[in-house]
Amino acid sequence: MKLFSSVNDVTDVQALVKEALHLKQNPYAHQHLGKNKTLALIFLNPSLRTRMSTQKAGLNLGMNVMVLNMDKEGWALELRDGAVMNGGTVEHIREATAVLGQYADIVGVRSFPGLKDRDADYSEDIFNKFVKYCGIPVVSLESATRHPLQSLADLVTIEELKTRPRPKVVLTWAPHVKALPQAVPNSFAEWMCKADVDFTIAHPQGYELCSDFTQGAKITHNQQEALADADFIYVKNWSAYEPYGKVFGGYDGWMLTNDSLKNTNNAKVMHCLPVRRNLELSDEILDGQSSVVIHEAGNRVWAAQAVLKQMLESL
Ligand code: CP
């Protein structure tokens, strides 16, 4: 594997999930693969889980790992081709990424969307420029439109915890005070549509995701109806795709409580974290038996390790 930017870069999704679960049992079995190989993790936005889990995954595989908070510690990046750089930007992304390619064997990059210009965000300009100019394999640590390492960890979690062969999985929108990207729900939907699950998306009117990511999903505006008989409930806020980046008020009732779970199949509640307590998800759920959010975050290591292992094997 030379590129991990979406589920479409994976030839066999089920095999990758199995690989992650195998690595969970045998974390250090492949240390020879990463010996004398370097992983560079480049963050243009904050992170706890993605940074630490991918770092740990690289270390488990015997790699050297370097982390750069490029937004704070790097030079101000110019993205525009042909720009006359007489303003605030100091280094063009062409040189910055090509230089990273000299120091590392695999690079990971996180670049969030601006949520102002949909075409610009959905063109994945920054991520694609990393891929184009760095000259080494690239793994997405969350891009403008997708978070594939998160989605792989989510699928690993579902595979591990399911109690029937084809579980019902519901992605439900949750309230928030800020406009958040669509990357996590886009990605989760895309992966679930390729998995052997019965998949439903529930959101208030106006929060339709881009249909490119939801082909094959059932979509409803009725949360309680969607939750009936659910095995897994994936809770996530996102801002509108149309009008882009907008937030509509009046949907506080979409926050799950224990009462919301009563018609489910003893559903396990998932969230990618970070989560705003008692806004997105209630204390009673996060602190109760149904929450698997910490288990899910733990699986980020094995998802990242499975992807890095495949990349190391292709060097
Ligand atoms: N879920 C997730 O990607 O968390 P971080 O933003 O902390 O990496």
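**Exercise 1. Find how far a polar side-chain atom of R49 lies from an oxygen atom of the ligand.**

Solution. Step 1: recall the cut-off. A polar contact is a pair of N or O atoms within 3.5 Å. Step 2: read the distance. A polar side-chain atom of R49 lies 2.9 Å from a ligand oxygen atom. For R110, an N or O atom of the side chain is 2.8 Å from an oxygen atom of the ligand. For R300, the value is 3.3 Å, again from a polar side-chain atom to a ligand oxygen atom. Step 4: check the cover. On its own the ligand has 250 Å² of accessible area (Shrake-Rupley method, 1.4 Å probe), and the protein covers 93% of that area.

The model is predicted: local features need pLDDT of at least 70, side-chain atom pairs count only at pLDDT 80 or more, and totals for chains, interfaces and linings use all residues. Residues are numbered from 1 along each chain as its sequence is written, and side-chain values use heavy atoms, with hydrogens and water left out.

**Exercise 2. Decide whether helix α8 is mostly covered or mostly open.**

Solution. Step 1: locate α8. This helix (a DSSP run of H or I, at least four residues) spans residues 148-161. Step 2: apply the cut-off. Buried means under 20% relative accessible area, with a 1.4 Å probe and protein chains only. Step 3: count. In α8, 11 of 14 residues are buried, so by this cut-off the helix is mostly covered. Among them are P148, Q150 and I158.

**Exercise 3. Classify V17 as buried or exposed.**

Solution. Step 2: classify. V17 is buried because its relative accessibility is 1%.

Definitions and conventions. Helices (H or I, at least four residues) and strands (E, at least two) are DSSP runs, numbered from the N terminus. The expected span of a helix is 1.5 Å times one less than its number of residues. Buried means under 20% relative accessible area, exposed over 50%, partly exposed in between (1.4 Å probe, protein chains only). A polar contact is a pair of N or O atoms within 3.5 Å; within protein, one must be able to donate a hydrogen and the other to accept it, and residues adjacent in sequence count only if both atoms are side-chain atoms.
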